[in-house]
Amino acid sequence: MHIVDRRLNPGGKSLVNRQRFLRRARAYVSQAVRDSLKDRSIKDLAKEGEITIRRDAIHEPTLHRAGKGGNRERVLPGNREFLEGDRIKRPDGGGGAGSQPGEGEDQDDFRFALSREEFLDLFLDDLELPDMAKKKLVSGKIEGVRRAGYSTLGNPSNLSVPRTMQKAMSRRIALRRPSGRDLSRIEEAIAEIEARTTPLADDAVTLERLREERAHIIRRRNLIAYIDPVDLRFRRFEPVPRPVAQAVMFCLMDVSGSMTAHMKDLAKRFFALLHLFLSRCYEHVDVVFIHHTDRAAEVDEDTFFYSTVTGGTLVSSALDKLIEVVKERYSPSDWNIYVAQASDGDTLASDNARVVSLMQDQILPFCQYFAYLEVGREEFASIEAATSTTGLWDAYAPVSDSHRNFAMRKVSHRREIYPVFRELFQRRGVGERTHA
């Protein structure tokens with residue numbers, strides 16, 4: 001049996017070559033994707049776009065003549081100076097391509113377009129959520145597809161060859177279609193009688209009967225096709241509500257007078273990365289913005305990042321508001337809860353005990369992950385500033401040591417945001433917990 005598949009090639013027939021290139025230059029492409037963060041706005045962070053990698057990253061080895069040694073014969077058109085047999089002195093220094101102005105091959109960087117999925121896969125490669133224990137699902141939110149048996153009509157690309165051949169065989173057996181072995185047996189018997197030099201008395205009658213039987217077999221094989229259109233079976237798919245994992249991301253930020261525009265920009269970039277990462281891990285992600293001075297309030301995104309509020313700093317007010325919103329709208333049994341807090345670390349010393357108590361007794365038990373980002377002034381981003389601590393940092397340090405789902409980092413410059421984010425969410429052993 002020979003089956004010839006004449007289905008058309010898919011539209012993305014160059015996909016194999018594209019994937020092969022991404023595998024070969026993966027290290028360079030991944031680094032270019034991470035470097036593109038500084039040139040992308042928050043809104044365009046998850047969109048497709050072009051990246052630039054060095055030309056030597058796509059260099060392929062080639063065979064060529066060695067630059068030294070060997071005998072060469074060349075025909076140089078326009079020669080008016082040398083004769084056959086003259087010995088020409090080799091020029092000094094590297095006189096290769098591109099050594100003189102206006103000569104050689106263009107050495108510009110290589111630009112490569114990535115789709116949105118490819119960009120995010122490379123951008124968030126080797127990252128993971130530290131804790132996804134709660135798997136509460138919400139049904140009926142997103143339509144998906146699932147296998148729903150077979151049908152007699154469908155797209156040729158969905159043709160099920162095994163099921164089609166099974167139906168064809170069942171039909172041939174039910175209709176008693178003569179097999180090839182029956183036809184071969186009849187033809188061998190006819191050839192044996194015709195090959196006899198001394199025919200027997202009843203050979204003529206037997207030969208006529210065999211020929212009629214052979215004609216009958218051929219006629220039935222032609223009438224009963226090997227594969228009939230009624231045998232075709234196509235894989236069928238049907239829409240079905242797909243379960244959706246849901247998460248909520250709480251963004252807490254100090255907006256007192258000590259928080260500068262630079263500090264808020266650092267916090268915004270960290271929050272954007274976290275939201276992008278959670279959106280890749282969960283189908284449904286809610287975002288709640290809570291800002292605070294000595295009082296906390298739930299606000300929209302524009303107010304959260306750009307409002308001007310004056311007052312002191314009470315971190316416990318933001319934690320109280322967080323607990324209140326969770327009780328009202330986000331039951332820990334139904335939601336995966338993630339919290340990111342940004343602050344310059346200035347707080348009242350008398351408030352620290354209550355902050356630690358709220359964190360350990362109420363928030364961390366229902367929270368999947370709590371990340372505290374302490375932002376500093378760019379002009380103070382020195383070794384001394386990095387080693388100094390604030391009141392809030394000192395209060396959180398014991399919490400970070402004793403709770404696996406709490407992490408804290410310091411940043412003072414935009415270039416530190418992505419490395420810090422990777423430190424918080426990179427794949428690591430269960431027992432590895434550090435704080436800077």
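Colleague: To begin, which residue forms a salt bridge with Lys321?
Modeller: Lys321 forms a salt bridge with Glu324, and the closest N and O atoms are 3.7 Å apart. A salt bridge here is a side-chain nitrogen of Lys or Arg within 4 Å of a carboxyl oxygen of Asp or Glu. Please note that this is a predicted model, in which local features need pLDDT of at least 70 and side-chain atom pairs count only at pLDDT 80 or more, while totals for chains, interfaces and linings use all residues. Residues are numbered from 1 along each chain as its sequence is written, and side-chain values use heavy atoms, with hydrogens and water left out.

Colleague: Where do Lys321 and Glu324 lie?
Modeller: Both are in helix H9, 3 residues apart, about one turn of the helix. Helices (H or I, at least four residues) and strands (E, at least two) are DSSP runs, numbered from the N terminus.

Colleague: And how exposed is Glu324?
Modeller: Glu324 is partly exposed, with a relative accessible area of 35%. Buried means under 20% relative accessible area, exposed over 50%, and partly exposed in between (1.4 Å probe, protein chains only).

Colleague: How many salt bridges does a search of the whole structure find?
Modeller: The search finds 7. Among them, Asp320 pairs with Arg354, with the closest N and O atoms 2.7 Å apart. This pair links distant parts of the chain, since Asp320 is in helix H9 (residues 315–329) and Arg354 in helix H10, 34 residues apart. Asp320 is partly exposed at a relative accessible area of 28%, and Arg354 counts as partly exposed at 42%.

Colleague: What about Glu238: which side chain does it meet in a salt bridge?
Modeller: That of Arg146, at 3.2 Å, N to O. Glu238 belongs to strand E4 (residues 234–254) and Arg146 to strand E3 (residues 137–151), so the pair links parts of the chain 92 residues apart. Glu238 counts as partly exposed at 25% relative accessibility, as does Arg146 at 46%.

Colleague: Changing topic, at what angle do H10 and H12 pack?
Modeller: Helix H10 (residues 352–366) and helix H12 (residues 391–402) pack at about 30°, with their axes 10 Å apart. Axes are lines fitted to C-alpha atoms, for helices over the stretch in contact, and angles run from 0 to 180 degrees between N-to-C directions. H10 is therefore roughly parallel to H12; angles under 35 degrees count as roughly parallel, over 145 as roughly antiparallel, 65 to 115 as roughly perpendicular and the rest as oblique.

Colleague: What is the make-up of the contact of H10 with H12 by class?
Modeller: The contact, meaning heavy atoms within 4.5 Å, includes Val355 and Met359 of H10 and Leu392 and Tyr396 of H12. By class there are 8 nonpolar, 4 polar and no charged residues. Ala, Val, Leu, Ile, Met, Phe, Trp, Tyr, Cys and Pro count as nonpolar, Asp, Glu, Lys and Arg as charged, and the others, Gly among them, as polar.

Colleague: And H5 with H6: roughly parallel or roughly antiparallel?
Modeller: The axes of helix H5 (residues 180–194) and helix H6 (residues 203–223) come within 10 Å and cross at roughly 155°, so the two helices are roughly antiparallel. Residues in the contact include Arg185 and Ile186 of H5 and Leu210 and Arg214 of H6. By class, this contact has 9 nonpolar, 2 polar and 9 charged residues.

Colleague: Finally, how many helices and strands are there?
Modeller: The protein has 13 helices and 9 strands. Of its 436 residues, 36% count as buried.
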